[in-house]
Amino acid sequence: MSMGLAQQLISFLGALLILIAYVGHQLGWVNSRGAGYNLLNASGSAILAWIAFHPFQVGFVVLEGVWTVVSICALLRPRQA
């Protein structure tokens, strides 16, 4: 498998994770304050941020980097009982 194809498949996986969270939230299947939603977002955006570094694309690095950080902060936020 060529590196280009591997990058495409990995980036597809990252986008798919984010879309699963988004669609799940829109359809009421996923709570946007829940760990699953934020884990999907953090994982997908981290994958896409990594892809954006090869080759470096500043806009996508910033977007996906911030998305990852915000999702991780939400995961670490104390939960209310």
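Student: How many aromatic pairs does the structure hold?

Tutor: This predicted model holds one aromatic pair, where rings of Phe, Tyr and Trp (its six-membered ring) pair if their centres lie within 6.5 Å.

Student: Which residues form the aromatic pair, and is it stacked, edge-to-face or tilted?

Tutor: Phe 53 and Phe 56 form the pair, which is tilted, with 5.7 Å from centre to centre and 50 degrees between the planes. Planes under 30 degrees apart count as stacked, those over 60 as edge-to-face, and the rest as tilted.

Student: And is Phe 56 buried or exposed?

Tutor: Phe 56 is exposed, with a relative accessible area of 53%, whereas Phe 53, at 44% relative accessibility, counts as partly exposed. Buried means under 20% relative accessible area, exposed means over 50%, and partly exposed is in between (1.4 Å probe, protein chains only).

Student: What should I know about the numbering and the cut-offs for the model?

Tutor: Residues are numbered from 1 along each chain as its sequence is written. As this is a predicted model, local features need pLDDT of at least 70 and side-chain atom pairs count only at pLDDT 80 or more, while totals for chains, interfaces and linings use all residues, and side-chain values use heavy atoms, with hydrogens and water left out.

Student: New topic: how many helices and strands does the chain have?

Tutor: The chain has three helices and zero strands, and its pattern along the sequence reads α-α-α. Helices (H or I, at least four residues) and strands (E, at least two) are DSSP runs, numbered from the N terminus.

Student: At what angle do α2 and α3 cross?

Tutor: The axes of helix α2 (residues 35-52) and helix α3 (residues 58-76) cross at roughly 155 degrees and come within 8 Å, which makes α2 roughly antiparallel to α3. Axes are lines fitted to C-alpha atoms, for helices over the stretch in contact, and angles run from 0 to 180 degrees between N-to-C directions; under 35 degrees counts as roughly parallel, over 145 as roughly antiparallel, 65 to 115 as roughly perpendicular and the rest as oblique.

Student: What about Ser 43, where does that lie?

Tutor: Ser 43 lies in helix α2 and is partly exposed, with a relative accessible area of 29%. Ser 43 and Gly 14 are 29 residues apart in sequence, and their C-alpha atoms are 7.0 Å apart in space.

Student: What share of the chain counts as buried?

Tutor: Of the 81 residues of the chain, 31% count as buried.
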